[in-house]
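Hello,

Here is the structure I said I would pass on. My notes on what was found follow below it.

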Amino acid sequence: MVKDFEAVLKGKYPGKAHAKRVVDQIRKAKPDANGVIYLEARMTKLQEDNDSPEPFRQRRFFYYLTGCNAADCSFAYDIQSAKSILFIPPIDPDEVVWSGLPLNIDDALSKYDVDEVKFTTEVNATLSHLAKQNANSTVFAMANQVSDNVTFLDFGDKDFETVKAAIEVSRVIKDEFEVAMIQKANHIASHAHRAVIDRAKTAATEQELYATFLERCVSHAAPEMPYHPILAAGRAAATLHYVDNNASLSGKQNVLIDAGCEWNNYASDITRTFPLSSKFTKESREIYDIVLRMQKECTELIKGGMLWDDLHLHAHKVAIEGLLALGILKGSVQEILDARTSAAFFPHGLGHHLGMDTHDTGGNPNPKDKDRLFRYLRLRGHVPAGAVVTVEPGVYFCDFIIKPYLSDPIHSKFIDSAVLDKYWDVGGVRIEDNVYVTENGYENLTTAIKEVNEVEAAATRV
């Protein structure tokens, strides 16, 4: 883990190192590959029936090789010479009137990890020149992400598939700078989570808590959200991707907050559950203890090369043991596990890769898996050292999911509905941290509080 992420972030985003890593991946598929990688940034696009632009979100593949978060740019990387060229839009005097001066060539060269900066008016001439340097050179680009005015006529071959796959593989293992960016995003979002607990002491609606989270992130220079934040009170916490964020807090036991922020396109993804009074209710505390144990035990098992499927299976075993102890489930751990009855209470995967996307590349999910315990996992297979993953177990009481199990004799024999009835108002509990995988263990990048005594102390009204 990066000990002083702020110091690391004073440097440049390592675009050239990323480009070399991508070339290595390309050459695994095509050993004799030579030519040029060509990528484009997201282009400015107006909203339908409106003269304002759509909200900008940089193409992650472009950012990975450039660190550039500006629209309407292009990038070329000459594989043979390892030379990188960033193309920026030329100055448009009419646009300057409205938006001010854009980044100039000297500033861009100083800011980004590239060898040369040119204007986008020079893209075709530059590509033609690079193509002619090597006989039978290939241009590696991404399908449907090349502007109509860009031509590849001088290249011997055009490949619109290989570079995307190469970048997806390369993104799985994070370097020091990327880990620092994820740590920064965690640092800010963790403060925002604490602010939400404080606001809940006087707030009347989920919407106020939502606004509090956004305010903290924006005020710390992290205005972009990697996903729509979830602020779910009471039974709404049983909806995994709850989006309303506007219900009353009155009469609810807990709030589940699943919310992160982005730091220069790198995401944090943190979930916490806290009581709306100073203490968890008896039932809420029982479920919270189960989920916290699931999370801690699974995190302790993390190390480079581990099989994520095994970790997910362990989480289910812990959940079953906990629910058996409460009397919600009955029977033996192995019987319940074999029947997959625990999926009624823990229906989603244990976690996923994290990076520039919340559900980052390299997860290899299998949504067609016939085993309901693994069907919704966004991460399958072995996890390498250098990856960043989320660990987010949960236990939920969603009647839409559980009631079909109660009417199915295969599962109903393992569920005590009379005991279950005491827990519906808990809604759901999820606890999620962002974890950097090392050769022999892990480093937890998330600092938001989760121990019961800390959470209850923070939730106590003074």
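Strand β3 (residues 83–88) pairs with β4 in the parallel sense, over 4 bridges. Within that pairing, F87 has K118 in β4 as its bridge partner. Please keep in mind throughout that this is a predicted model.

These two strands belong to an open sheet of 6 strands, in the order β4-β3-β2-β1-β5-β6, with mixed pairing. At its edges are β4 (116–119) and β6 (157–159), each of which pairs on one side only. From one strand to the next the twist averages 20°.

Is β2 buried or exposed? In strand β2 (residues 74–78), 5 of the 5 residues are buried, so the strand is largely enclosed by the rest of the structure. In a regular strand the side chains alternate between the two faces of the sheet. For β2 both faces are covered: S74, A76 and D78 are buried on one side, F75 and Y77 on the other.

N50 lies in the loop between β1 (35–40) and α3 (60–66). With a relative accessible area of 36%, N50 is partly exposed. Its C-alpha atom is separated by 42 Å from that of A82, although N50 and A82 are 32 residues apart along the chain.

D49 lies in the loop between β1 and α3 as well. D49 counts as exposed, at 82% relative accessibility. Its backbone is worth a look, given the following background. Most residues other than glycine have a negative phi, and most peptide bonds are trans. D49 is not a glycine, yet has a positive phi of about 55°.

A221 is another residue other than glycine with a positive phi, near 65°. A221 is placed in the loop between α9 (206–219) and β7 (230–233) and, at 52% relative accessibility, counts as exposed.

**Aromatic rings**

A pair of aromatic rings is described by the distance of the centres and the angle of the planes. How many aromatic pairs does a search of the whole structure find? The search finds 9. One of them is Y13 with F177: the ring centres are 5.9 Å apart and the planes stand at 90°, so the pair is edge-to-face. This pair links distant parts of the chain, 164 residues apart, with Y13 in the loop between α1 (5–8) and α2 (15–29) and F177 in helix α8 (residues 176–199). Y13 is buried, with a relative accessible area of 7%, and F177 also counts as buried, at 10% relative accessibility.

F397 and Y423 form a stacked pair, with 5.8 Å from centre to centre and 25° between the planes. F397 lies in the loop between β15 (394–396) and α13 (399–406), and Y423 in the loop between α15 (417–420) and β16 (428–430), so the pair ties together parts that are 26 residues apart in sequence. Both F397 and Y423 are buried.

Ring pairs also join Y13, Y63, F177 and Y266 into a cluster.

Charged side chains lie over ring faces at two places I can list. R171 lies over the face of F61, at 5.4 Å from the ring centre. K184 lies over the face of W263, at 4.7 Å from the ring centre.

**H316 in helix α11**

H316 is found in helix α11 (residues 308–326). What is its relative accessible area? The value is 0%, so H316 is buried. Its side chain makes a polar contact of 2.8 Å with the side chain of S342. Leaving aside neighbours within four places in sequence, H316 is in contact with L337, S342, A343, F346 and L373.

Regards

Key
Residues are numbered from 1 along each chain as its sequence is written. This is a predicted model: local features need pLDDT of at least 70, side-chain atom pairs count only at pLDDT 80 or more; totals for chains, interfaces and linings use all residues. Side-chain values use heavy atoms; hydrogens and water are left out. Buried means under 20% relative accessible area, exposed over 50%, partly exposed in between (1.4 Å probe, protein chains only). A polar contact is a pair of N or O atoms within 3.5 Å; within protein, one must be able to donate a hydrogen and the other to accept it, and residues adjacent in sequence count only if both atoms are side-chain atoms. Contact means heavy atoms within 4.5 Å. Two strands pair if DSSP finds at least two bridges between them. Axes are lines fitted to C-alpha atoms, for helices over the stretch in contact, and angles run from 0 to 180 degrees between N-to-C directions. Rings of Phe, Tyr and Trp (its six-membered ring) pair if their centres lie within 6.5 Å; planes under 30 degrees apart count as stacked, over 60 as edge-to-face and the rest as tilted. A charge sits over a ring if NZ of Lys or CZ of Arg is within 6 Å of the ring centre and within 35 degrees of the ring normal.
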